[in-house]
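Open the model in your viewer and keep the selection tool at hand. The tour goes from chain contacts to single residues and then to charged pairs.

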Amino acid sequence: MTLTPKRPIWALSSWLFALALMAPVAVMIWSASSANHDTFLHLWQTVLPDYIINTLLLGGYVVLLVICFGVISAALVTRTNVYGRKMLRWLLLLPLAMPAYVIAYIYTDLFDYAGPVQRFLRDIFAWQSPQDYWFFDIRSLFGAALMIALVLFPYVYMLVRTAFECQDPQMIRAARSLGLNARQTFFKVSLPLARPAIAISASLVLMETLADFATVQYFAVNTLTTAIYDTWLEYGELSTANAIASVLLIFVLIVLVSEQRARAKQSHQVNSRQHIEHVYTLTGIEQIAASAFCWGLVVFGFLLPCGILLDMAWRYFDVEQFNTLLSSGLNSLEVSFYVASIASVLALLFVLFRRLSQVKLSALPLKISGLGYAIPGTVLAMAMLATFGPLDHVINDLAVQFGFNAPGLVLSGSAFAIVFALVTRFSAIANGTIASGVEQIPQSLDYAPASLGVGLWQTIRQVHIPLLKSSFVVAWLLVFVEAMKELPAVLVLRPFNFDTLSTHIYQMISDERLEQGAIGAILIVAFGLIPIVILNKKEKNH
Amino acid sequence: MKPILTIKNLSVLLQDKLILQDVELSLAEGDILGLVGPSGCGKTTLLNTIAGFVEQSRGEICIDDIHIGAGSHVPPERRQVGVIFQDYALFPHKTVGQNIAFGIQKLKKSEQDYRVAELLKLLALTELSERFPHQLSGGQQQRVAIARALAVRPKLLLLDEPFSNIDARLRDELMIELRSLLKSFNMSAIFVTHNKDEVFTFADKIALLHQGSIIQTGAPKAVFEQPASWQVADFLQIGSWLKVKSVGNSLFTALGEVNCEQLTDTPDSSIELLIKPKYLKLIEAEANCIVKHITFTEQGYHYILASLDKHCALSFERLSFYSEQLLAVGEKVAIHIIAHQYQIFVRE
Amino acid sequence: MFKKTLINSALAICAILPTFLAQAGEEVNVYSYRQANLVKPLFDVFTDQTGVKVNVVFAKKGMAERLAREGIHSPADVLLTTDISRLIELKDKGLVQRVDSSTIEQAVPAHLQAEDDTWFALTTRVRNIYSSKRLGDIDISYEDLADKKWQGRICTRSGKHPYTVALVASMIAHHGETKTLEWLKGVKANLARKPQGNDRGQVQAIHQNLCDLSLGNSYYFGNMLTNKDQKEWADAVNINFPNQGDRGAHINVSGVALAKHAPNKANAIKLMEFLVSEQAQQMYAETNMEYPVREGVKVSDLVASWGKFKADSLPLTEVAKNRKAAIKLLDQAKFDL
């Protein structure tokens with residue numbers, strides 16, 4: 001059906017913005033075509049296979065862990081009387097606010113050979129050296145996977161919990177009446193029905209994992225992301241680095257396609273407003289194990305690291321830090337504000353274009369603008385420099401040509417490049433949130449205003465935008481928080497005297513003195529909590 | 001009377017599939033047309049094409065003085081066609097009053113208030129004007145949707161399965177109410193349904209859509225008495241079908257021989273005789289049917305009969321028959337066809 | 001036609017931009033590989049003395065790449081590095097320019113500056129081998145690290161870190177690629193754990209009995225001894241100057257260069273001159289525990305207490321030359337994996 005057969009401006013702007021967001025990536029891939037074959041061959045013969053294996057292993061471990069953490073906790077919270085169920089319901093979301101690199105640092109401190117836990121064990125058992133006992137090595141591939149999983153599992157938990165809660169109670173009752181007990185019903189009906197939600201959330205986590213830089217680097221785990229960095233900076237070969245980045249991009253595309261497929265399946269999921277009360281009552285041992293599992297996730301994913309940060313902040317606070325903190329904090333807020341606003345507005349444009357226009361391929365701008373999510377920040381930063389560097393030169397030449405003073409590096413040398421990079425990176429989040437918001441609006445509401453003699457712009461202004469307000473706010477907040485946490489892109493792109501909270505913390509971490517940056521980390525976490533609280537409140541109002 | 005809507009030669013192509021083909025239709029001012037047909041026949045597409053949500057690929061539509069050709073699309077907001085959507089499409093973030101005023105925002109505030117108040121009163125919604133749609137019952141929501149559509153004073157109102165979400169007990173009452181309301185406005189309307197009873201209650205005129213084409217239009221009574229084709233009669237469930245074998249002017253059925261003038265060249269295998277229940281009667285003779293099912297209705301017992309002889313070419317499985325007399329399931333009875341103007345159809 | 005005007009305008013900018021920006025404010029822009037907090041006190045003193053504001057952007061990586069992309073519009077004036085290879089890389093990529101300053105030239109010994117005056121070392125640092133006090137006094141060389149007797153007893157940071165790369169490059173210069181690869185594989189086999197953390201972390205690991213030997217720069221020892229949290233670690237180790245019996249210990253430099261398109265050239269030279277001044281060199285020596293390049297500036301008492309040592313006389317340019325080869329060998333040995 002069609003409301004807007006010909007809206008060239010709308011179509012044009014949608015396509016233009018979407019392509020602009022992707023232009024740096026195109027530049028990157030194009031540059032990859034001129035990669036140095038010798039270097040690539042050398043890498044391929046030496047370390048690249050290991051990097052690829054590490055990347056796959058890391059992704060595999062993280063996915064297994066988040067599914068284990070997320071699905072089990074979601075099932076316990078929705079289907080059983082696990083202890084503290086009402087509180088767990090939202091507490092399990094909190095780890096999302098914790099950046100993986102911060103938690104990695106804290107746990108290394110805690111569980112490393114030199115850390116208090118192992119020291120304590122050595123004191124008790126009178127062990128002398130590492131040969132005397134075995135202890136989980138946190139600075140390993142699996143350790144990195146565990147750290148990433150601890151802060152990313154809430155994605156799975158959130159989507160799967162919703163899937164469980166929205167399942168039609170009639171279906172559960174039907175299964176019970178057909179002779180299945182509560183446990184069988186869960187495994188034969190509820191769980192299979194939640195499969196699309198599991199697949200979507202797991203692929204989101206996978207993309208975040210592929211993009212992670214700081215955690216794996218801190219843990220000395222070499223993945224494709226670090227290989228890109230190495231090749232660029234150690235070998236000094238940007239195009240070969242871009243070639244490896246393109247390899248990574250292929251992985252990401254595979255993940256992306258499977259995610260979209262899962263989403264297509266999810267549309268068959270019924271959304272029932274009727275919530276199912278818990279159907280399985282845990283007995284003594286089960287209750288203890290289940291509670292320990294859920295509360296363990298909350299403690300290790302959020303409460304413990306948060307407590308340690310607070311303790312650090314308390315012990316190491318000094319006034320001098322405060323100025324750095326203030327300036328980097330303000331920079332963070334400013335950058336995140338722009339990124340969130342631009343990404344959300346663009347998402348609104350793309351989503352409504354797809355929804356209301358019948359121009360061929362109108363869904364494409366939405367899709368391609370979301371690709372950036374999968375591109376690691378480092379790669380993105382390189383792409384920005386490669387794109388805006390030459391553009392800056394043209395601008396300066398033109399300015400002089402017309403008799404103005406050369407403006408300098410207005411694009412690549414300012415916060416513009418950072419904002420652009422982060423918008424590219426996080427558009428997908430805004431797109432997804434607003435797109436699912438628009439799906440809640442019945443198709444008939446698109447057509448009703450026209451039948452009442454009201455034109456398209458008025459319809460959007462009076463119907464779609466008000467109805468999408470809450471999705472917009474959520475999208476804005478989610479992007480805002482992600483932009484606050486984002487590190488590698490900002491690290492490469494920041495201009496003079498410009499630090500954000502995340503780069504500030506990163507410097508402290510790479511200097512092995514997070515203590516001094518604890519307040520900054522707490523601020524990031526605190527901001528991260530805002531959307532979680534709002535999302536939770538919104539849900540309650542429903 | 002001048003037609004408010006004329007459709008000529010209309011074809012619609014959606015995703016390379018011909019959904020509507022050479023549709024011809026006209027509607028006089030103030031008339032209510034019931035558009036019926038099996039699901040997937042293109043009813044909703046026709047409605048959407050008239051409303052302007054779907055562009056036609058051939059043919060023309062005239063709504064009063066607005067002319068729409070295949071190359072000259074007029075956007076829906078300029079067609080003055082009101083639509084009542086199946087889910088009512090009320091704006092969830094606006095109150096009942098605001099919903100009704102949505103299409104008349106360009107009018108002066110006082111004029112808006114006057115119209116809204118008038119409609120609220122007419123549709124017995126005055127008490128609810130400050131409520132939000134989710135606080136209303138299905139029937140109330142529908143009344144709001146109607147009020148909202150009427151507020152802009154459209155030339156034509158389109159209703160997509162307006163009674164499908166309404167409790168069966170209230171349905172008749174609502175249909176009668178709505179009909180008199182539309183009549184009081186002299187509002188022309190087209191409504192889509194797959195329920196023939198709704199047509200007989202609600203419409204002045206019926207149009208049957210089959211596989212993208214209109215196969216018959218006319219007053220409900222005329223169509224019911226003179227269905228133009230096998231599909232029409234079958235869809236409207238006018239009667240039961242009996243297989244026949246022709247010998248000269250005579251037709252043999254499982255219930256005996258009948259005389260029929262109106263014969264065709266078509267082979268017997270594709271001809272069926274339409275038998276309305278009122279032309280069947282119970283007689284004292286050798287049994288030819290067996291009772292398969294009994295339904296109690298206000299008009300007496302409704303029986304489904306099957307022929308006793310199961311293996312003959314003319315045997316049947318479903319014959320509808322009403323009687324005051326109580327029979328038992330499995331009882332063998334003799335049924336006779338009362339002589340009347342027989343109607344035979346070619347089954348396609 | 002258009003092309004010609006483009007070139008003209010580019011030339012015009014070259015001519016105008018530096019003066020324009022220099023007039024805009026008394027400032028100087030620094031791209032630093034060094035931690036901001038290490039150089040900040042020096043800049044504060046400089047600003048106090050001259051009134052020239054110092055803007056710093058600190059990045060461990062990607063500086064040369066960034067500079068190259070910025071080209072003639074780059075705001076960078078002064079480039080600070082912590083490694084000879086970076087300096088040479090900047091020079092090789094044509095990102096720096098000659099500095100015409102007799103002050104600097106005289107302050108820095110000839111072998112610690114570029115022949116064409118495109119870079120100058122500011123401090124030198126030794127790549128030491130730290131050993132556990134449990135081992136007592138030992139005499140050790142870099143070559144010894146591949147000896148089987150140290151199996152499972154060595155800790156080091158990532159092989160890809162510039163400090164390690166420079167050491168490997170010097171090994172290549174002395175022994176050739178084949179032998180160096182063998183050596184790398186030997187060291188790798190002796191590691192107590194996968195390369196990770198920074199130089200201090202390795203000392204901490206010795207303190208924790210995780211290993212007996214580690215590689216680390218000289219100044220970290222001094223910094224740890226004066227840090228209340230880390231003194232305990234440093235107290236557990238001895239600092240050794242390797243290869244005293246033969247060619248001497250591998251040294252690296254931190255250095256400075258003038259960006260090719262420096263918009264504040266005058267201030268930049270002022271800052272560079274300040275960095276080699278006695279006062280600044282003294283600060284490097286005292287607060288950063290490094291070896292100042294300027295003759296006559298004393299090392300800190302603490303550093304002096306470690307004793308005199310013989311430094312490898314291999315020209316620094318040789319180290320830089322072998323950098324890429326070193327990285328390839330590290331990959332081949334899968335040193336970090």
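Buried area is the accessible area, taken with a 1.4 Å probe, that two parts lose on being put together, summed over both. Keep in mind that this is a predicted model.

**Stop 1: chains A and B.** Select both chains. About 1900 Å² is buried between chain A and chain B, and carbon and sulfur atoms give 66% of that area. On this interface, 21 residues of chain A are in contact with 25 residues of chain B. What about charged pairs? The count of salt bridges between chain A and chain B is zero. Polar contacts do occur: four residue pairs across the interface of chain A and chain B, with both residues at pLDDT 80 or more. Now highlight α19 (444-451) and α20 (456-485) of chain A; each supplies at least two residues of the side that touches chain B. α19(A) gives the most to that side, with seven residues.

**Stop 2: the other pairings.** Bring in chain C. Two pairs of chains are in contact, and chains A and C share the most contacts. Chain B and chain C do not touch. Their nearest C-alpha atoms are 47 Å apart.

**Stop 3: a nonpolar patch on chain A.** Select A:F317, A:V319, A:F322, A:L326 and A:L330. Together these residues make a nonpolar surface patch of about 510 Å². A:V319 lies in helix α15 of chain A, residues 319-356. With a relative accessible area of 64%, A:V319 is over the 50% cut-off and therefore counts as exposed.

**Stop 4: a buried alanine.** Stay in chain A and go to helix α17 (residues 377-401), where A:A383 is found. A:A383 has 2% relative accessibility, so A:A383 counts as buried. Which residues does A:A383 contact, leaving aside its neighbours within four places in sequence? Show A:P24, A:V25 and A:M28.

**Stop 5: inside chain C.** Select helix α15 of chain C, residues 323-332; seven of its 10 residues are buried. Among them are C:R323 and C:D331, along with C:I327 and C:L330. Just after α15(C), C:K334 takes a positive phi of about 50°. Next, jump to C:T164 in helix α6 of chain C, residues 162-175. C:T164 is buried, at 4% relative accessibility. Not counting residues up to four places away in sequence, C:T164 touches C:R127, C:R157, C:S158 and C:G159.

**Stop 6: salt bridges.** Over all chains, the whole structure holds 35 salt bridges. Start in chain B, where the side chains of B:R58 and B:D22 meet at 3.5 Å, N to O. B:R58 is in strand β4 (residues 58-63) and B:D22 in strand β2 (residues 17-28), so the pair ties together parts that are 36 residues apart in sequence. B:R58 is partly exposed at 42%, and B:D22 is partly exposed at 36%.

In chain C, select C:D116 and C:K91, whose side chains form a salt bridge at 3.6 Å, N to O. C:D116 sits in the loop between α5 (102-107) and β5 (119-132), while C:K91 is in helix α4 (residues 84-92), 25 residues apart. Move on to C:K231 and C:D235, a salt bridge at 3.0 Å, N to O. Finish in chain A with A:R89, A:R161 and A:E165, which are linked in a network of salt bridges.

Methods
Residues numbered from 1 in each chain as written. Chains lettered and ligands numbered in written order. Predicted model: local features only at pLDDT ≥ 70, side-chain atom pairs only at ≥ 80, totals over all residues. Heavy atoms only, no water. Patch = residues over 30% accessible without salt bridge, like charges linked within 9 Å, V, L, I, M, F, W, Y side chains within 5 Å. Areas by Shrake-Rupley, 256 points an atom, 1.4 Å probe, with all protein chains shown as cover. Salt bridge = Lys/Arg side-chain N within 4 Å of Asp/Glu carboxyl O. Helix = DSSP H or I, 4+ residues; strand = E, 2+ residues; numbered from the N terminus. Buried < 20%, exposed > 50% of the residue type's maximum accessible area, 1.4 Å probe, protein only. Contact = heavy atoms within 4.5 Å. Polar contact = N/O pair within 3.5 Å; in protein donor to acceptor, adjacent residues only side chain to side chain.
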